[in-house]
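These entries record what I looked up in the structure shown below. I began with the surface and then turned to selected residues.

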Amino acid sequence: MKALPRSDVDKLSKLYGPRCDADGGPLKSFLPSIEEMTTAIEFNVVPKLKRKFGKQRISLMDCGKQFWESKDSSSHETSDDLMPDGLHPNAEGHTIIA
């Protein structure tokens, strides 16, 4: 499964300290890091797993788009109905994943 989105709103700052970019400045959004990780999974990890375990046994699921407040992910905010704290799916969110 690809990584789930992470909200960029202030409610996460209470849970986690500020994250820094390569130049030491604060990240404006977690989205580029999440996209980089999911790209690495898709193009590096999944092909290796398919070679090892067979193409029919491994598939990549992307359910992250369903967690965005705006379906085009332009707001960079997750839906409070599915991720109340902006990071962890609630019961309804886990139903989408399953």
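Entry 1, terms and source. I took patches as made of residues with over 30% relative accessible area and no salt bridge, joining like charges within 9 Å and nonpolar side chains (Val, Leu, Ile, Met, Phe, Trp, Tyr) within 5 Å. A salt bridge is a side-chain nitrogen of Lys or Arg within 4 Å of a carboxyl oxygen of Asp or Glu. Accessible areas come from the Shrake-Rupley method with a 1.4 Å probe, and for residues only the protein chains shown count as cover. I noted that this is a predicted model, in which local features need pLDDT of at least 70 and side-chain atom pairs count only at pLDDT 80 or more, while totals for chains, interfaces and linings use all residues. Residues are numbered from 1 along each chain as its sequence is written, and side-chain values use heavy atoms, with hydrogens and water left out.

Val45 belongs to helix 1 (residues 31–53); helices (H or I, at least four residues) and strands (E, at least two) are DSSP runs, numbered from the N terminus.

Glu69, Glu77, Asp81 and Glu92 form a negative surface patch. Asp and Glu count as negative and Lys and Arg as positive, whereas His and the chain ends are not counted. The place of a charge is taken as NZ of Lys, CZ of Arg, CG of Asp or CD of Glu. I located Glu77 in the loop between helix 1 and helix 2 (91–97), and its relative accessibility of 36% makes Glu77 partly exposed.

I counted two helices and zero strands in the protein. Of the 98 residues, 29% are buried. The accessible surface comes to about 6,800 Å², with 53% belonging to carbon and sulfur atoms.

Val46 lies in helix 1 and is buried, at a relative accessible area of 9%. Leu60 is in the loop between helix 1 and helix 2 and is partly exposed, at 27%. Leu60 and Lys2 are 58 residues apart in sequence, yet 6.9 Å apart in space, C-alpha to C-alpha.

Ile58 lies in the loop between helix 1 and helix 2. Beyond its neighbours within four places in sequence, Ile58 is in contact with Val46, Leu49, Lys50 and Phe53.

I placed Ser79 in the loop between helix 1 and helix 2. At 10% relative accessibility, Ser79 is buried. Leaving aside neighbours within four places in sequence, the contacts of Ser79 are Phe67, Trp68, Glu69 and Pro84.

Key: Buried means under 20% relative accessible area, exposed over 50%, partly exposed in between (1.4 Å probe, protein chains only). Contact means heavy atoms within 4.5 Å.
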